[in-house]
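Me: I would like a close look at one part of this protein. Please take me through its salt bridges, step by step.

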Amino acid sequence: MDTRTGNENEAIGELEAAITRFTGLLSQASGEEEVPTCPGWNVRDLAIHLGTIHRWAAAIVLSGQMARKPRPIVRGALAHWYSGASSALVAALKAVEPDEPVPNFGTLDETAAFWVRRQLHEVIVHTCDLAMACAGAEPEFELPAELAADGIDELLTVFFRRLVANGSPPEVRENIRITATDLGTTWVLGPGEIPELLTTTTAAEATIEGTAQDLYFALWGRTPSDRLDIQGE
């Protein structure tokens, strides 16, 4: 469920802006910088991962079928290669209508619009990784609160399924109420084989509160949880 309002042109515009931020940071990097939030990776690994995901998503969108991830050969400037991969993604997303049937790994909202949303949050999170690798700090931009809240929703409803399928299920032992204090938006997450969202009136044993942006990056493990007000286990 997309928690924001707006049309797909706006969403693709947000994706293009996020790609531009990532490319700008990447062009200033050597590629050898270690990425503290992705242990074992350097910036080159991070950029190739993201560009490969873009190409994979573009192939799925254009073919209307699940595809294998490519094994890229990267020569020349890393930023130039990434720019080509990200441009292919944007072109693919613009070539189809948002409601065109397109499969995805979560088997939820199997339309092209799913991939706009998923790739947008993929880029935002990895821009945070890149900024911390290159400057030792979070990216110097503020996400619109509604966009950050959508990222939280996407993580809880879509990406958790990906983690479970990959054998790394999130550990949720009790009901947790998550609240974006700047929006008043609430999610209640309950335990299960795939942790699921419950109605917002469901009682919770633990609470997590913070701004939408702080919640977004903390839930992805990109910023310290001490920015949040956490009560319970």
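Which side chain meets that of Arg118 in a salt bridge?

Reply: The side chain of Glu122 meets that of Arg118. Keep in mind that this model is predicted. The N to O distance is 2.5 Å. Both residues lie in helix α4. They are four residues apart, about one turn of the helix. Glu122 is buried, and Arg118 is buried too.

Stay in helix α4, which covers residues 112-135. Arg117 is also found there. Arg117 forms a salt bridge with Asp150. Their closest N and O atoms are 2.9 Å apart. Asp150 lies in helix α5 (residues 145-165), so this pair ties together parts that are 33 residues apart in sequence. Arg117 and Asp150 are both buried. There is also a network of salt bridges, which links Arg117, Asp150 and Asp153.

Now set another pair beside these. Lys94 and Glu16 meet through their side chains in a salt bridge, at 3.2 Å from N to O. This pair links distant parts of the chain, 78 residues apart. Lys94 is in helix α3 (residues 78-94), and Glu16 is in helix α1 (residues 8-27). What about burial here? Lys94 has 52% relative accessibility, so Lys94 counts as exposed; the cut-off for exposed is over 50%. Glu16 has a relative accessible area of 31%, so Glu16 is partly exposed.

Step back to the whole structure. A search there finds eight salt bridges. Among them are Glu122 with Arg118, Arg117 with Asp150, and Lys94 with Glu16.

Technical notes
Residues numbered from 1 in each chain as written. Predicted model: local features only at pLDDT ≥ 70, side-chain atom pairs only at ≥ 80, totals over all residues. Heavy atoms only, no water. Salt bridge = Lys/Arg side-chain N within 4 Å of Asp/Glu carboxyl O. Helix = DSSP H or I, 4+ residues; strand = E, 2+ residues; numbered from the N terminus. Buried < 20%, exposed > 50% of the residue type's maximum accessible area, 1.4 Å probe, protein only.
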